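Work through the exercises below with the structure open. Try each task before reading its solution.

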Amino acid sequence: MGENGHGHPHEEPKQERSPWAARIRAVEELLAEKGLLTHGEVEAQVRYMEARSYENGARLVARAWTDPGFKALLLEDTKAACSELGIDASGSVEFVTVENTPEVHNLIVCTLCSCYPRAILGRPPDWYKSPAYRSRAVAEPRAVMREFGLEIPADLPVAVHDSSADVRYLVLPMRPRGTQGMSEEELAELVTRDCLIGTAVPREPARV
Amino acid sequence: MSGVHDMGGRREEFGPVDKSQHELEDWERIADAVNYVLNAKGHKTTDEMRRAIEGLEAYREMSYYERWAAAAEKLVVEKGLLTQGEIDERAAALEKRWSGG
């Protein structure tokens, strides 16, 4: 940004710029001129989304692994559990946690669009929005997970949750073996974004 | 018959999942934020947005945030907040400015 010295990063043309780049800026400018929104509100929302990350979900998981009372709250009322960790959940619609157990593995998709707990975890990865993932996750979830390097045993049932505009999901993975004595922070580091969608599971820490 | 957006189980979409990630451009962040702010201020709803996105003729040819930008534009015009003419005019002026004109 600002590499040509004009100091207006939003106005620098880019080679890959879509025709929609000018159109959405035109819409924003005109809405601001008519007092329907302000640039400040738009900028604040951009910053808010940049600050959202799957790490919020990893913190929820690590606390649930170490505190049974918190785990019960997370499964009962995920937004209340967010609040307890100081994670702002005010922007999220209904938010539900589904638990992986030795009896079931959970996978999240949004077949209709891209519904995802964005307000908590940030934007979904591009593949989550792809036609291939959306069409296949409900039809052949095991084959999809295999592409992500996750082989689900044939005798372990898979539950696929189709998100909607009104309900978003978070997977609570199982705590891996060999993690006794690890701190909550260390445990959170085992939880990747894909673990919270169900296309991965937390890995046992490497033995030293 | 299901709409273009209704992908669940649709065999013609089957294929390897492309796991590459593109870096968001500034205009995409703005499209995202403008939508959120319009919802938060009660100018439109998530369901209206979905209906607008699902009704886009070029749905399959558009990138994700192109759909958002197009749907937001459609809705603000539909609701009488802005006119198509003023958006076209302003967008043309911005393009001209960016191209150094």
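**Exercise 1.** In chain A, what percentage of the contacts with a separation of 6 or more comes from residues 24 or more positions apart?

*Solution.* Start with the ground rules. This is a predicted model: local features need pLDDT of at least 70, side-chain atom pairs count only at pLDDT 80 or more, and totals for chains, interfaces and linings use all residues. Residues are numbered from 1 along each chain as its sequence is written, while chains are lettered from A and ligands numbered from 1 in the order in which they are written. Two residues are in contact if their C-beta atoms, placed from the backbone, lie within 7 Å. On that basis the share is 67%.

**Exercise 2.** Decide which stretch of chain A has pLDDT under 50.

*Solution.* pLDDT is the predictor's confidence in each residue, from 0 to 100. Chain A averages 90, and 91% of its residues score at least 70. The stretch under 50 is residues 1–16. For these residues the model has 10 contacts beyond four places in sequence. Where pLDDT is low, the predicted coordinates should not be read in detail.

**Exercise 3.** Locate the largest nonpolar core.

*Solution.* A nonpolar core is a set of buried Ala, Val, Leu, Ile, Met, Phe, Trp, Tyr and Cys residues joined through C-beta atoms within 7 Å. Buried means 20 or more other C-beta atoms within 10 Å of the residue's own, exposed means 12 or fewer, and partly exposed is in between; C-beta atoms are placed from the backbone. The largest core has 70 residues. A:Ile24, A:Val27, B:Ala31, B:Val34 and B:Ala72 have the most contacts inside it. Helix α3 (residues 64–78) of chain B gives the most, with 9 residues. Both domains of chain A contribute residues, so the core lies between them. Now zoom in on A:Val27. Beyond four places in sequence, A:Val27 touches B:Val34, B:Ala72, B:Glu73, B:Val76, B:Leu82 and B:Ile87.

**Exercise 4.** Describe the side of chain A that touches chain B.

*Solution.* Here 45 residues of chain A are in contact with 52 of chain B. On the chain A side, α1, α2, α7 (131–136) and α8 (141–147) each supply at least two residues. α1(A) gives the most, with 12. By class, this side has 26 nonpolar, 6 polar and 13 charged residues. Ala, Val, Leu, Ile, Met, Phe, Trp, Tyr, Cys and Pro count as nonpolar, Asp, Glu, Lys and Arg as charged, and the others, Gly among them, as polar.

**Exercise 5.** Is A:Cys110 buried or exposed?

*Solution.* A:Cys110 sits in the loop between β2 (105–109) and α6 (118–121). It is buried, because 23 other C-beta atoms lie within 10 Å. A:Cys115 lies in the loop between β2 and α6 and is buried, with 23 other C-beta atoms within 10 Å. A:Cys110 and A:Cys115 are in contact. An unreviewed UniProt entry annotates A:Cys110, A:Cys113, A:Ser114 and A:Cys115 as "binding site". UniProt positions follow the numbering used here, feature names are shortened, and annotations may be inferred rather than shown by experiment.

Technical notes:
Helix = DSSP H or I, 4+ residues; strand = E, 2+ residues; numbered from the N terminus. Domains from an automatic or database assignment.
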